[in-house]
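Good morning, everyone. Let me put the structure up, and then we'll walk through it.

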Amino acid sequence: MWRIRAFEERLAQLKRADEVPGLIHLSIGGEAVAAAVCGQLRDTDVVYSGHRPHGHVIAKGAALPETMAELMGRAGGLCQGLGGSMHLVDTEHGMFGATGVVGGSLPLALGSALAARMRGEDAVAVVFFGDGAAQSGIFAESVNIAVLWRLPVILVCENNGFAEFTPRSAHTTVERVSDLVAPWAIPAATVDGNDAEAIWAQFGEMLRRARDGGGPALLEALTHRLRGHYEGDPDRYREALSSEEWQRRDPIARLQSAALARGWFGEDEAKTASDDAASTVDEAVAWARQSPPPTPELASSVVYAA
Ligand SMILES: Cc1ncc(C[n+]2csc(CCOP(=O)(O)OP(=O)(O)O)c2C)c(N)n1
Ligand SMILES: [Mg+2]
């Protein structure tokens, strides 16, 4: 969570300095979901994401230098600089893809789950999507097939209450995304998405079940995006959180104080770990900056024309 936070805070600065091309959507405030879900997965488990993918990619184990280089459009990036923020892929660590097509990853995760089943492997596929994506038709179609074929796939909805600039109440009268799967009677739960331990426990149960052939599940994590929809969004459509409220909700501060209270680590170790996260990000930026942009030859080598 520290690494994701440090990475994205740095990314916001780089965006303002015009060192990062294209739109970027940050997950600052929602790190607990990525960490508590991906922290329980193996490299052979597959993850899909959407347009807010950085936390998922980092939590799934992608190297920070290559991830940063991809965001900066450099040839050393995860996708040789040809993808950028919304197309981060790292198959070595089971990060099979992000997409700017809202809801577009849902059926892809079903495909990976089906592939694992056909190969006789116990791998599980996980797809992260937003409350807005849950409003697309492909959501219901995907749940239907996942249940019908009892696929090892877990749908993780990060419900931050907004789709771009529109609150959920303007899209639907159904408050909880977890209620949307009621007709299929699969395990579905809503948890506090800023409580890493609660997510860990709930997701862990769903993961064990899916790995053992129990089929799909849906986890809804209620969270909050601290930044605008995209970096540069004037964010005038919602009230800003007070700093006290943010302190109360901040998933990192919450887990850290729980960990300190239980003696998992001391203040000094916490400070060292958070400083280490910041210096790892500094190194990633330095590495990305020395990586050249993709050549026209590279770009044309990956274009297919019939
Ligand atoms: C198919 C499709 N329709 C519309 C858009 C425009 N769009 C980009 S982000 C977004 C909102 C997504 O909301 P949500 O799924 O809740 O994710 P969040 O941004 O809140 O993380 C929309 C509608 C898109 N990218 N793709
Ligand atoms: Mg949303």
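**The ligand and its surroundings**

An oxygen atom of ligand 1 sits 2.8 Å from a side-chain N or O atom of R52. That is a polar contact: a pair of N or O atoms within 3.5 Å. This is a predicted model, where local features need pLDDT of at least 70, side-chain atom pairs count only at pLDDT 80 or more, and totals for chains, interfaces and linings use all residues. Residues are numbered from 1 along each chain as written, chains are lettered from A and ligands numbered from 1 in written order, and side-chain values use heavy atoms, without hydrogens or water.

Next, the nitrogen side. A polar backbone atom of V102 is 3.1 Å from a nitrogen atom of ligand 1. For E164, a polar side-chain atom lies 3.4 Å from a nitrogen atom of the ligand. How much of ligand 1 does the protein bury? Alone, ligand 1 exposes 580 Å², and the protein buries 70% of that (Shrake-Rupley areas, 1.4 Å probe).

Now the shell. Ligand 1 has 14 residues around it, each with a heavy atom within 4 Å. H51, R52, G100, G132 and F162 come nearest. By class, the shell holds 5 nonpolar, 6 polar and 3 charged residues. Gly counts as polar here, and Asp, Glu, Lys and Arg as charged.

Technical notes: A polar contact is a pair of N or O atoms within 3.5 Å; within protein, one must be able to donate a hydrogen and the other to accept it, and residues adjacent in sequence count only if both atoms are side-chain atoms.
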